[in-house]
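Trainee: Hi, could we go through this one together? I'd like to start with a strand.

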Amino acid sequence: MKAVVMNRRGGPDVIACVERPDPIPGPGDVLVEIAAAGVNFMDVGVRQGTIWAGMPDPKILGVEGAGRVLRVGDAVDGFGIGQRVAWVYAPGSYADKVVVPATSLVPLPDAIDDRTAASVMMQGLTASHFATDFYPVQQGDIALVHAAAGGVGLLLTQIIKLRGGHVIGRVSSADKMAVAKEAGADHVIVDTEGEFAREAVRLSGGEGVHVVYDGSGPKTFQGSLDALRRSGTFCWYGPVLGGPGPLDIMSLPKSVKIGYATFLDHIHTPQLLRARSTQLFDWIIEGKLNIRIGGQYPLVSAAKAHADMESRATTGKLLLIP
């Protein structure tokens, strides 16, 4: 099979597309032929050595995708050869075949194509968790969404609007404003220097926002704090860009609540994975959730996909197509 591996930690140049033996499913596993694999900032963190650092190189990148079942291992119920499936957090997904635990698979409805499915698993489940569990958005709540034209930001904006909230989106360049607006953002702030807080407070009527969703790294941390109203909630995510450093909890302003959202907590059981995925698929089928695919690359161009993602010039979801 073809697979994209990293040979050492570093920049996109450490990525190579190689031939590997086809994997064999063990008990409880399923062998899947991949139709599309999602590219995530988590994969950049793996390549840079901040995630999976204990796993020896060379290792196959990627955790997310969609495809068709080729073979099932012993003790697998509910999945058969030829069935269309999607998954998230199955290491080795930058390939044309991957072994996935059956508990990590989701059946795909006929109305959801492979590329849409591969675009919505990690980022859609993340956005869903943020707006329904981490901070359950209520009618009239005002949310500040960082990277509002990115994969998570576009989905999060739409889900907040579905729940009756208002969205102030922050983007890094003026050419991303229209994309964020199209997703439903009520206001869009263009900012690269972390100077967004005053405008977010003004746009929220002078009180500050109810919740901030920030995966933009330490540069925006203080501004996100400043943008919150009293008893506001700060959802911090995205370890790749680093954290804010040690915090003195006694110095936190306005009785705010801060939490760090990690992906595996979003869908910690197979039942929750499938329920949340089904909700996302239903929204897509009903036309309530639109998926923006910002780039599609062959496996051999995985390094280019990483470089484009890191440049912050892309919008929406990036995919690898075997």
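Mentor: Gladly, let's take β9 (142-145). Strands here are DSSP runs of E with at least two residues, helices are runs of H or I with at least four, and both are numbered from the N terminus.

Trainee: What do side chains do in a regular strand?

Mentor: In a regular strand they alternate between the two faces of the sheet.

Trainee: Before we go on, what kind of model is this?

Mentor: This is a predicted model, where local features need pLDDT of at least 70, side-chain atom pairs count only at pLDDT 80 or more, and totals for chains, interfaces and linings use all residues. Residues are numbered from 1 along each chain as its sequence is written, and side-chain values use heavy atoms, with hydrogens and water left out.

Trainee: Back to β9, then. How many bridges join β9 to β10, and do the strands run parallel or antiparallel?

Mentor: β9 and β10 (residues 166-171) run parallel and are joined by four bridges; two strands pair if DSSP finds at least two bridges between them. Ala143 has Val167 as its bridge partner in β10. Between these strands the chain crosses through α3, and this β-α-β crossover is right-handed: with the strands pointing away from the viewer, the path from the first strand over the helix to the second runs clockwise.

Trainee: And how many bridges join β9 to β12?

Mentor: Three, and β9 and β12 (residues 209-214) run parallel. Leu144 has Val212 as its bridge partner in β12.

Trainee: You mentioned α3. Is Gln158 in there buried or exposed?

Mentor: Gln158 is found in α3, and it counts as buried because its relative accessibility is 8%. Leaving aside residues up to four places away in sequence, Gln158 touches Ala183, Lys288, Leu289 and Asn290, where contact means heavy atoms within 4.5 Å.

Trainee: Changing topic: how many cavities of 30 Å³ or more are there?

Mentor: The count comes to one, and the volume of this largest cavity is about 50 Å³. On a 1 Å grid over the protein atoms alone, a cavity is a set of points where a 1.4 Å probe fits but cannot get out; a pocket is an open set with protein on both sides within 12 Å along at least five of seven lines; and lining residues have an atom within 4 Å of a point. Grid points are joined across faces, edges and corners, and a volume is the space filled by probe spheres set on the points.

Trainee: Which element gives the most to the lining of the largest cavity?

Mentor: That's α3, with three residues. The residues that line the largest cavity include Ser119, Gln123, Gly151, Leu154, Leu155 and Asn290. By class, the lining has three nonpolar, five polar and two charged residues; Ala, Val, Leu, Ile, Met, Phe, Trp, Tyr, Cys and Pro count as nonpolar, Asp, Glu, Lys and Arg as charged, and the others, Gly among them, as polar.

Trainee: How much space lies in the largest pocket?

Mentor: About 1,100 Å³. The largest pocket is lined by 43 residues, and Phe41, Val152, Gly215, Tyr237 and Gly238 lie nearest its centre. α2 provides the largest share of that lining, four residues. The classes there are 21 nonpolar, 17 polar and five charged residues.

Trainee: Now the backbone. Which peptide bond is cis?

Mentor: The one from Asp57 to Pro58 is cis, with omega near -5°. Pro58 sits in the loop between α1 (41-48) and β4 (59-60). In general, most peptide bonds are trans, and most residues other than glycine have a negative phi.

Trainee: What about the phi of Ala147?

Mentor: Ala147 has a positive phi of about 50° although it is not a glycine. Ala147 lies in the loop between β9 and α3. With a relative accessible area of 31%, Ala147 is partly exposed, the class between buried and exposed, which is over 50%. Ser255 also has a positive phi, near 55°; its place is the loop between β13 (228-236) and β14 (257-260), and Ser255 counts as exposed at 56% relative accessibility.

Trainee: One last thing: in what order do the strands of the three-stranded open sheet come?

Mentor: The order is β2-β1-β4, with antiparallel pairing. β2 (15-19) and β4 each have a single partner strand and stand at the edges, so one side of each is left without a neighbour in the sheet. β1 (residues 2-6) pairs with β4 over two bridges, and Val5 stands opposite Ile60 in β4.

Notes:
Buried < 20%, exposed > 50% of the residue type's maximum accessible area, 1.4 Å probe, protein only.
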